[in-house]
Amino acid sequence: MFDLFRSKNSNPKDDILSGLTVALALVPEAIAFAFAAGVDPLVGLWAAVFMGFITSTCGGRPGMISGATGAIAVVAGKAVQHGDALGDGLGLQYLFVVIMLAGIIQILFGVLRLGRFIRLVPHPVMIGFVNGLAIVILMAQFPSFRDLKTDEWLTGQPLLVMVALVALTMVIIQFFPKITKAVPSSLVAIVTVGVISFLLFKDTATVSDVLAKAPGNPEGKLSGSFPLPALPTGIAWGTEWGFLFKTAFIVAMVGIIESLMTLQLIDEITETRGQGNRECVAQGSANLLSGLFGGMGGCAMIGQSLINIKSGGRGRLSGISAAVALAIFIIAAGTIIEIIPIAALVGVMFMVVISTFEWSSLKTWNKVPFSEIIVIVAVTLVTVVLHDLATAVFIGIVLSALVFAWESSKHVFVIVEKDSPDERIYSLQGLLYFGSVREFTDKFQAKSDVKNIVIDFGHARVCDMSGLESINALADRYRKAGKNLRLRHLSPDCRSMLNKAGTMVNVEVLPNDPRYTVANLRKDID
């Protein structure tokens, strides 16, 4: 999939035009996510403006687009429901508090430099994440093939028109770059299909029709003034802190995971490197201000980020342009956005799906370990079924860790280096930790062994408390058998663990170990 996005040098023209394309694609999704959270569409639209502008200006990944997202909407929607159940108008106030608290948590996450934990995500998890995301984006387009008035599937001529406009959009996006790359093909497709729809197919669903589904907006108008900052009011702070912090923590973690996963994906596509911790601080700041100015918050948007990258957006100006253009649409140019056909936006997203899916993963069967295929499939299914990217990634990491623990536990080897009637020296190879201690202890038979035993750790490492306890238990077995167990060639970190354990581990360590040193490696700085 990455071949479709091979790097192009960034320039202001590409960034601005790409940002305009992204702004057009942001409108229907921001509205849809606002519906999912149970709030007015303008709350979602202004969230996209604040999230996009602040993260593009200060974030750690130029070219990445942030805005209101479905994952945040689902979690934040619980705050709206909780507040509405307590009284009229409190739903929005609870939402804004949760978003602001989540922003503070994300800032702390970045300040404490915890963004580096994204490096723990294995490649199979990344593939499953990307494939699941592509399927989720695909499924999210299906409701556009329903009649907005009757909520029934389109049939007959309306369906043919919808399919034809979607197909035309995709064809333009695919082949227009062969003519010229001076203008993003996605923008050309949206304008072209919009003009055709306006002139020939006036009954085709537009952004205005989507807006008309919002309560209090039967005419489907997109208009609003720039919001003013306001602190939430009417909340019973003394009794609600538990709920607020719990919900805010979930929002913060979902946002961080999705943003850092998107950052890693864009890194691979552009063959550059973003700054995870800086992105966490920027995301938190954006959520904090979004809640203060009446937005529903959000995080990085993978679909829009891929649209931006494919359209040539590489620099910060692309995201800034998208946010500014969206703000202008809301305040002064809503009538233009209202007539954009939904079919054009669906066509753009279909191309994103094709580009996002890791098609090469279909060729991995019987070519990679079966355990990695299981991880890919599991992450994909969880993403599709739960529509929860954060949970899918977490499950994938846990599965990968369990597979690693299981496989590495099998690679503990004991070789006899010296064997005499009075002394036997064993050489241990592998990692001694909770998963391998059983394998380790089963290789020694205290009753049948010689009087003096030495275990050489020159090719092994003690990794955790389980490893220390297994050594202690083995020493006790030899002691009860009237025999002597000693260790040698422990690495400095292993010796340090034994020293800290003190009397917890009663085993003799030979004093003539050579001093091991570790090569100085360049420390990557996020």
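Phe357 sits in the loop that links helix H14 (342-356) to H15. Phe357 is buried (under 20% relative accessible area, against over 50% for exposed and in between for partly exposed; 1.4 Å probe, protein chains only), with a relative accessible area of 14%. This is a predicted model: local features need pLDDT of at least 70, side-chain atom pairs count only at pLDDT 80 or more, and totals for chains, interfaces and linings use all residues. Residues are numbered from 1 along each chain as its sequence is written, and side-chain values use heavy atoms, without hydrogens and water.

**Around helix H15**
- Helix H15 covers residues 370-386 and includes Leu386.
- Leu386 is partly exposed, at 48% relative accessible area.

**Fold**
- The protein has 19 helices and 7 strands, taken as DSSP runs numbered from the N terminus (helices H or I, at least four residues; strands E, at least two).
- The C-alpha atoms fill a box of roughly 100 × 60 × 45 Å along the principal axes.
- Phe357 and Ala30 are 327 residues apart in sequence and 23 Å apart in space, C-alpha to C-alpha.

**Burial and surface**
- Of the 526 residues, 53% count as buried.
- The accessible surface is about 24500 Å², with 65% from carbon and sulfur atoms; areas use the Shrake-Rupley method with a 1.4 Å probe, and for residues only the protein chains shown count as cover.
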